[in-house]
Amino acid sequence: MQFGRSYEEFEVGATYKHWPGKTVTEYDDHLFCLLTMNHHPLHMDVNYAEKTTQFGQNVVVGNYVYSILLGMSVPDISGKAIANLEIESLRHVAPTFHGDTIYGQTTVLDKWESTSKDDRGVVYVETIGYNQDGKVVCIFRRKVMVPKDNYLEARGGEQPGRPVPQADKNWPGPTAE
């Protein structure tokens, strides 16, 4: 399975559909809120959400939705990234509720070679997240610095830093066929 892409593998206009989706549970949402100290009652208090908001129920905190989508995109977009350079825009365009399943896809808007180092480039992408009904809930654009093939080759190829298993008393080593 591929994990990320080199600069040469990105094509402007290509769209990557991230799989699988993620069903957001109440537990997920509350844990994220507690970990990030976001105690807004819209996310944490069912009584408050039911009686005082236009939604009539808790709304999943937006930064969690964004984080899910960003994570979903890693195998397709930034798995080989040198750096995430910028989140240019982030829009939450519809609410996500407990029990919704989030899906995502990312389109390559542009790419350009680095002006300071010839072994890398920048890809400019837009990710959209949508629920099980196809309703778009989140849109963000970002710039990611990715390696060129020569960068990867100089650092160990596809899986740099991966050790080789060593034979010992518990494992005799690969068997010849």
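Guide: A nonpolar patch is built from residues with over 30% relative accessible area and no salt bridge, their nonpolar side chains being joined within 5 Å. In this predicted model, Y27, L31 and L35 form such a patch on the surface, with about 350 Å² of accessible area together.

Visitor: Why is L35 called exposed?

Guide: The relative accessible area of L35 is 65%, and the term applies over 50%, so L35 counts as exposed. This residue is found in helix α1, which covers residues 26–35.

Visitor: And why is H18 called buried?

Guide: H18, placed in strand β1 (residues 15–23), has a relative accessible area of 3%; because buried means under 20%, the residue is classed as buried.

Visitor: What makes the approach of the H18 side chain to the side chain of D76 a polar contact?

Guide: The distance given for H18 and D76 is 2.6 Å, and the cut-off asks for a pair of N or O atoms within 3.5 Å, so the pair qualifies on distance. The side chain of H18 also makes a polar contact with the side chain of T106, again with a distance of 2.6 Å. Leaving aside neighbours within four places in sequence, H18 is in contact with residues including M72, I77 and G104.

Visitor: How do you know that β1 and β3 are paired strands?

Guide: Pairing requires at least two bridges found by DSSP, and six bridges join β1 to β3 (residues 101–113), the two running antiparallel; T15, for instance, has T107 as its bridge partner in β3. Strand β3 is also joined to β4 (residues 120–130) by 10 bridges, again antiparallel, and β3 and β4 form a hairpin with six residues between them.

Visitor: What makes E88 and K143 a salt bridge?

Guide: Their closest N and O atoms are 3.9 Å apart, and the criterion is a Lys or Arg side-chain nitrogen within 4 Å of a carboxyl oxygen of Asp or Glu, so the pair meets the criterion. Because E88 lies in strand β2 (residues 83–92) and K143 in strand β5 (residues 136–147), the bridge ties together parts that are 55 residues apart in sequence. Both residues also belong, with E86, to a network of salt bridges.

Visitor: Why is E88 called partly exposed?

Guide: The relative accessibility of E88 is 36%, which falls between the limits of 20% and 50%, so neither buried nor exposed would apply and E88 counts as partly exposed.

Methods:
Residues are numbered from 1 along each chain as its sequence is written. This is a predicted model: local features need pLDDT of at least 70, side-chain atom pairs count only at pLDDT 80 or more; totals for chains, interfaces and linings use all residues. Side-chain values use heavy atoms; hydrogens and water are left out. Helices (H or I, at least four residues) and strands (E, at least two) are DSSP runs, numbered from the N terminus. Buried means under 20% relative accessible area, exposed over 50%, partly exposed in between (1.4 Å probe, protein chains only). A polar contact is a pair of N or O atoms within 3.5 Å; within protein, one must be able to donate a hydrogen and the other to accept it, and residues adjacent in sequence count only if both atoms are side-chain atoms. Contact means heavy atoms within 4.5 Å. Patches are made of residues with over 30% relative accessible area and no salt bridge: like charges are joined within 9 Å, nonpolar side chains (Val, Leu, Ile, Met, Phe, Trp, Tyr) within 5 Å. Accessible areas come from the Shrake-Rupley method with a 1.4 Å probe; for residues, only the protein chains shown count as cover.
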